[in-house]
Amino acid sequence: MNYFNPEDTICAISTGGGMSAIAIIRISGNKAISITNSIFSKDITNSKSHTIHFGNLIENNNIIDEVLVSIFKNKNSFTGEESVEISCHGSIYIQNRIIHLLISKGCRIATAGEFTMRAFKNGKIDLSQAESVADLISSESKTAHQAAIKQLRGGFSSKLQELRKELIDFASL
């Protein structure tokens, strides 16, 4: 399997494993909206980016769950691709059923870090910011959290750009 195949539409459970009140399933790729539309009770084909829609996920005329579907169009998403986030009830059964349904409609399970890799490959974040996503997720203290947020917002990258400009100016002298 190719780690980064931009033609694939990928999906994964984005919230922590196990049972919870709410779970979020993320879908990204050029078929994210059409695949979601095929299992959602409302037509979201022409929905604007950054909108949320309430309805049911349906399989063979049976309701799987009442959900919120968030739409993110191409350049306006984390990955720089068409993306959807499904907020569903956090039952492990419901989460697994939705994932299996998405796979049956053409998604594949994302590999670890693939959403962030796509954001990097599509120019939405730089390498330093991509690394900071993992740091942010694993931060266990206020200091670690603040450092990861600063890096995610481009703190390290902007300093490097500043130093690069100074070196170019110096070299030109």
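**Inside and outside a predicted fold**

Thr-36 sits in helix H1, where helices (H or I, at least four residues) and strands (E, at least two) are DSSP runs numbered from the N terminus. The model here is a predicted one, so local features need pLDDT of at least 70 and side-chain atom pairs count only at pLDDT 80 or more, while totals for chains, interfaces and linings use all residues. Residues are numbered from 1 along each chain as its sequence is written, and side-chain values use heavy atoms, with hydrogens and water left out.

With 0% relative accessibility, Thr-36 counts as buried; that label means under 20% relative accessible area, with exposed meaning over 50% and partly exposed anything in between (1.4 Å probe, protein chains only). Setting aside neighbours within four places in sequence, Thr-36 is in contact with Ile-27, Ile-44, Val-69, Val-84 and Ile-86. Contact here is heavy atoms within 4.5 Å.

Ile-86 leads on to the nonpolar core. A core of this kind is a set of buried Ala, Val, Leu, Ile, Met, Phe, Trp, Tyr and Cys residues joined through side-chain atoms within 4.5 Å. The largest one has 24 residues, and Ile-86, Ile-98 and Leu-102 touch the most other members. Two or more residues each come from strand S2 (20-28), helix H1 (32-37), S4, strand S5 (83-90) and helix H2 (92-104). H2 is the top contributor to this core, with five residues. Beyond four places in sequence, the residues that Ile-86 touches include Ala-23, Leu-57, Leu-68 and Ile-98. As a general rule, nonpolar side chains in soluble globular proteins tend to be buried together.

Leu-68 also turns up on the outside. This residue belongs to strand S4 (residues 62-72) and, at 36% relative accessibility, counts as partly exposed. Together with Ile-52 and Phe-54, Leu-68 makes a nonpolar surface patch with about 300 Å² of accessible area. Patches take residues with over 30% relative accessible area and no salt bridge, joining like charges within 9 Å and nonpolar side chains (Val, Leu, Ile, Met, Phe, Trp, Tyr) within 5 Å. The areas come from the Shrake-Rupley method with a 1.4 Å probe, and for residues only the protein chains shown count as cover.

Next come the charged pairs. Across the whole structure, a search turns up six salt bridges, each one a side-chain nitrogen of Lys or Arg within 4 Å of a carboxyl oxygen of Asp or Glu. In one of them, Asp-8 meets Arg-108 at 2.6 Å, N to O. Asp-8 lies in the segment before strand S1 (10-13) and Arg-108 in strand S6 (residues 108-109), so this pair ties together parts 100 residues apart in sequence. Asp-8 is partly exposed at 22% relative accessibility, whereas Arg-108 is buried at 15%.

Another bridge joins Glu-81 and Arg-118, with the closest N and O atoms 2.9 Å apart. Because Glu-81 is in the loop between S4 and S5 and Arg-118 is in helix H3, the pair links parts 37 residues apart in sequence. Both partners are buried: Glu-81 has a relative accessible area of 10%, and Arg-118 has 0%. Arg-118 is among the buried residues of H3 (residues 114-121), along with Glu-114, Phe-115, Thr-116 and Ala-119. Asp-8, Glu-81, Arg-108, Glu-114 and Arg-118 are all linked in a network of salt bridges. After H3 comes Gly-123, with a positive phi near 75°.
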